[in-house]
Amino acid sequence: MTEDDFDRLQALLASRAGYRLGRDRLHLAEHRLGPVARREGFDSVDALLQSLWVKPVATLGWAVIESLLNPETWFRRDRPVFDAIARELLPAIGGVRPGGRVTLWSAGCSTGQEAFSLAMSAHQAGVAADIVATDLSQRAIDKARSGLFSAFEIQRGLSARAMLDWFEPAEDAWIAKTRLRDAVRFARHNLLDPPTDGARFDIILCRNVLSEMDPAHRGRVVDHLERRLADDGVLILGLDERIEADTIAFRPVGGRQGLYVKAPAAVSRAA
């Protein structure tokens, strides 16, 4: 891959998905594109890219973009976050919602471990929850919907007891039990796209997503998240993520790393 190809990849990724790639990831991009080239019938990554530049077919472009996204995830990643959700946030919000039902959105859910962890937290809290999980990658969403994981993927975050409670053997893998799969609705969604309906969520998790985004697009995504969050809801980012420079719509919760609520100005504007 030439530097010019890498620059064009960066432009494609930023314009369609809002993400960025640092120069240090050139070799990683080549490695990720190899399987895409083989799957699409090209002899090499170079042949794939030249075809894409000459004829920018949408399906091929998205296949390239999806291969470059960071799929890193595991069950109950950053465990204290899920402890706080189960012990504090879900009971508190459920206590003031009609029927005690809480709505949650896992934005950038990758292959589903975060969303299924939320379902487990709701069960632990004894709170009824409607969980929506979205990702830009259709391949990731398809895996999440299947509920199929290797033993390594499950044990990376869950105890043996939790594994047996929520999964059952399926040939050489494990599949989420029906009650777990039925607890989450998965869909493909681009965070750059503005909301097209009035759905609001009590808790939005958008963790380790904004830090991967191009600064020019990050504020736009944060604005879309604000429009989706209930006025008394909670936005949860990655532990090391900050959005103070991107918006005045949210304010951090003191002593709670990664937790944000709507700023008074945002609530007043919504009203």
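Two strands count as paired if DSSP finds at least two bridges between them. Strands (E, at least two residues) and helices (H or I, at least four) are DSSP runs, numbered from the N terminus. Phenylalanine 167 stands opposite alanine 176 in β5. This is a predicted model, in which local features need pLDDT of at least 70 and side-chain atom pairs count only at pLDDT 80 or more, while totals for chains, interfaces and linings use all residues. Residues are numbered from 1 along each chain as its sequence is written, and side-chain values use heavy atoms, with hydrogens and water left out.

**Chain**

- The chain has 12 helices and 10 strands.
- The C-alpha trace spans about 60 × 50 × 30 Å along its principal axes.
- Of the 271 residues, 50% count as buried (under 20% relative accessible area, 1.4 Å probe, protein chains only).

**Open sheet**

- An open sheet is formed by 3 strands in the order β3-β5-β4, with antiparallel pairing.
- Its edge strands, β3 (148–149) and β4 (167–170), each pair on one side only.
- Between β4 and β5 (residues 173–176), the antiparallel pairing runs over 4 bridges.

**Largest pocket**

- A pocket is an open set of points on a 1 Å grid over the protein atoms alone, where a 1.4 Å probe fits, with protein on both sides within 12 Å along at least five of seven lines; lining residues have an atom within 4 Å of a point.
- The largest pocket holds about 850 Å³ of space, the volume being that filled by probe spheres set on the points.
- It is lined by 40 residues, of which Glu66, Leu69, Asn70, Pro71 and Ser110 are the closest to its centre.
- At least two lining residues come from each of α1 (3–17), α2 (26–39), α4 (58–68), β2 (129–135) and α7 (138–146); α2 gives the largest share, 5 residues.
- The lining has 15 nonpolar, 12 polar and 13 charged residues (Ala, Val, Leu, Ile, Met, Phe, Trp, Tyr, Cys and Pro are nonpolar, Asp, Glu, Lys and Arg charged, and the others, Gly among them, polar).

**Second largest pocket**

- The second largest pocket has a volume of about 320 Å³.
- Among its 18 lining residues, Trp105, Thr134, His189, Asp197 and Arg228 are the closest to its centre.
- Two or more lining residues come from each of β2, β6 (184–188) and α11 (215–228).
- By class, this lining divides into 9 nonpolar, 4 polar and 5 charged residues.
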